[in-house]
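Dear colleague,

Please find below the structure that I am handing over to you. My notes on what was found in it follow directly after.

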Amino acid sequence: MADLYLTNSLTGKKEKFEAINPPDVGIYTCGPTVYDYPTIGNWRTYTLSDVLLRVLKYLGYKPIFYMNLTDVGHFTGDNLGDADIGEDRMEKAAKKQGKSAWDIAEFYIKDFLESYEKLNLTRPEKFTRATEYIKEQIELVEKIHSKGYAYKIDDGIYFDVQAYETAGNVYGELSTLQKIKEGARVEPNLQKKNPRDFALWKFSPTGVKRHMEWDSPWGVGFPGWHIECSAMSMKYLGEQFDIHAGGEDLKSTHHPNEVAQSEAATGKHPFVRYWVHGAFLTVDGKRMGKSEGNAYTLYDVEAKNIDPLALRYFYFSGHYKQQINFTWDALAAAQTSLNKLQGIVTDYRDSRGRTTLSVDKLAKVNFYREKFEKAIADDLNMPQALSVFWEVVKANIPDYDKYDLIESFDQVLGLQLSKFTISNSQIPKEVQELVKQRENSRRGRRYKEADEIRRKIYDLGFKIEDLARGVKVKKK
Ligand code: AMP
Ligand code: ZN
């Protein structure tokens, strides 16, 4: 396994990655709250964890990856740094759409998984749904409670930050928010012992029948937002594991709370060795977000005839620790570059006749391989990796070797360059579109649909050949 360096939010420094049990790497990413379509900001974060997984694999590790789907009890107040206040997003969406919270979850989970596929993101061992792990969450709260780090008040069971600190722990790890250290200025819940305490379990309000609620040893209710990630990650990855990822906002309260409650329960430090946080996608310098009113979804992208994979390409234009400002022009430029690459790669693949490389050429091939590996191993430097990609295109080595290099680099980039083999110049756009649609159908195992598209392509005068390494399109 080659060395890998990652910026660890625990220390704020770039560190050499050491797995607990190599080559295995336990990795957990906070997934979406399934009450609405994700924004392309959210997708940037999921693409970061995908790249992390791909880089780990490329470097010889075996990632064991889990991602949760938050389908319950996530309050709107978390944008203000307090996840225990405001309205439950799931129930709010249900009310608005005249459905049950369960239907809302079902609908948006299906949608999420479809888009996940379109962006060619690596699937976890399992997408863990919070509502399927209520038992584990209750057990975890019981454990925290029995160790004296939780207490009950009228509206729920709360984590006792003071007790945790008194026992010699540091609360607020990862957080850059001074607030988490001092506590919120306005405390809406006067029964809380300390403004920093957060809910582990909330009771259903008296007289209100929630769509989602469960029995617990303390009363009917639902889990606090943070507890699900601790319960599900520890169930599958153990009480201590390697990497936890998410967007930069989660550093302020969600992740510090995960750390505190997990370590309170297990007594083991650190809960997670490396915390990897991705910077926001912004619009005019502000976070792209639904509540900010400046958000786009993957559907907005597709409506402009832009391939979701072009969005992937666009994300790679910035390092994950830097915010990227979104513009349609920049995304269109990414699409142009991607089209160009697809065309070039097709041409390389069609060039046959591999000859033995001279020593000089072999050294060149290795030079690019090493340069690429160095870029990705250096804190996932994707802009640098992309530039190596283009250097290969311009290099003085045989096309066949360029193809091999690009194909292996694409295991990390995930742009499916060897899949789409449309020799761009002679194929009309309409046919190119259909070929992509057919690939999507095939990837989604909707073979009937794929066959229908093939027929449409045939009617337009083109033939498709499925090759071991991709698809070839020819005039009839
Ligand atoms: P949410 O559904 O709001 O819980 O967010 C899901 C994930 O997307 C979290 O890891 C967030 O940190 C991340 N996220 C939210 N907004 C953005 C953004 N504008 N850019 C990148 N990541 C984001
Ligand atoms: Zn989480």
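**The surroundings of ligand 1**

Ligand 1 is surrounded by 15 residues, of which the closest are Gly41, Thr45, Asp249, Leu281 and Met288; a residue counts as near if one of its heavy atoms lies within 4 Å of the molecule. Please note that this is a predicted model, in which local features need pLDDT of at least 70 and side-chain atom pairs count only at pLDDT 80 or more, whereas totals for chains, interfaces and linings use all residues. Residues are numbered from 1 along each chain as its sequence is written, chains are lettered from A and ligands numbered from 1 in the order in which they are written, and side-chain values use heavy atoms, with hydrogens and water left out.

By class, the shell around ligand 1 holds six nonpolar, seven polar and two charged residues. Here Ala, Val, Leu, Ile, Met, Phe, Trp, Tyr, Cys and Pro count as nonpolar, Asp, Glu, Lys and Arg as charged, and the others, Gly among them, as polar. Helix α1 (40-58) and strand β10 (241-247) each supply at least two residues of this shell, and the largest share, four residues, comes from α1. Helices (H or I, at least four residues) and strands (E, at least two) are DSSP runs, numbered from the N terminus.

A nitrogen atom of the ligand lies 2.7 Å from a backbone N or O atom of methionine 288, and a backbone N or O atom of leucine 281 lies 2.8 Å from a nitrogen atom of the ligand. A polar side-chain atom of asparagine 42 is 3.0 Å from an oxygen atom of ligand 1. Taken alone, ligand 1 exposes 490 Å², and the protein buries 93% of that (areas by the Shrake-Rupley method with a 1.4 Å probe).

**The zinc ion**

Which residues coordinate the zinc ion (ligand 2)? They are Cys30 (SG), Cys229 (SG) and His254 (NE2), at 2.1 to 2.2 Å; donors are N, O and S atoms within 2.8 Å of the metal (3.2 Å for Na, K and Ca), and sites may look incomplete because water is not among the atoms. Cysteine 229 lies in helix α7 (residues 227-237) and histidine 254 in helix α8 (residues 254-266), so the pair ties together parts that are 25 residues apart in sequence. Cysteine 229 counts as buried because its relative accessibility is 1%, where buried means under 20%, exposed over 50%, and partly exposed in between (1.4 Å probe, protein chains only).

Yours sincerely

Key
Polar contact = N/O pair within 3.5 Å; in protein donor to acceptor, adjacent residues only side chain to side chain.
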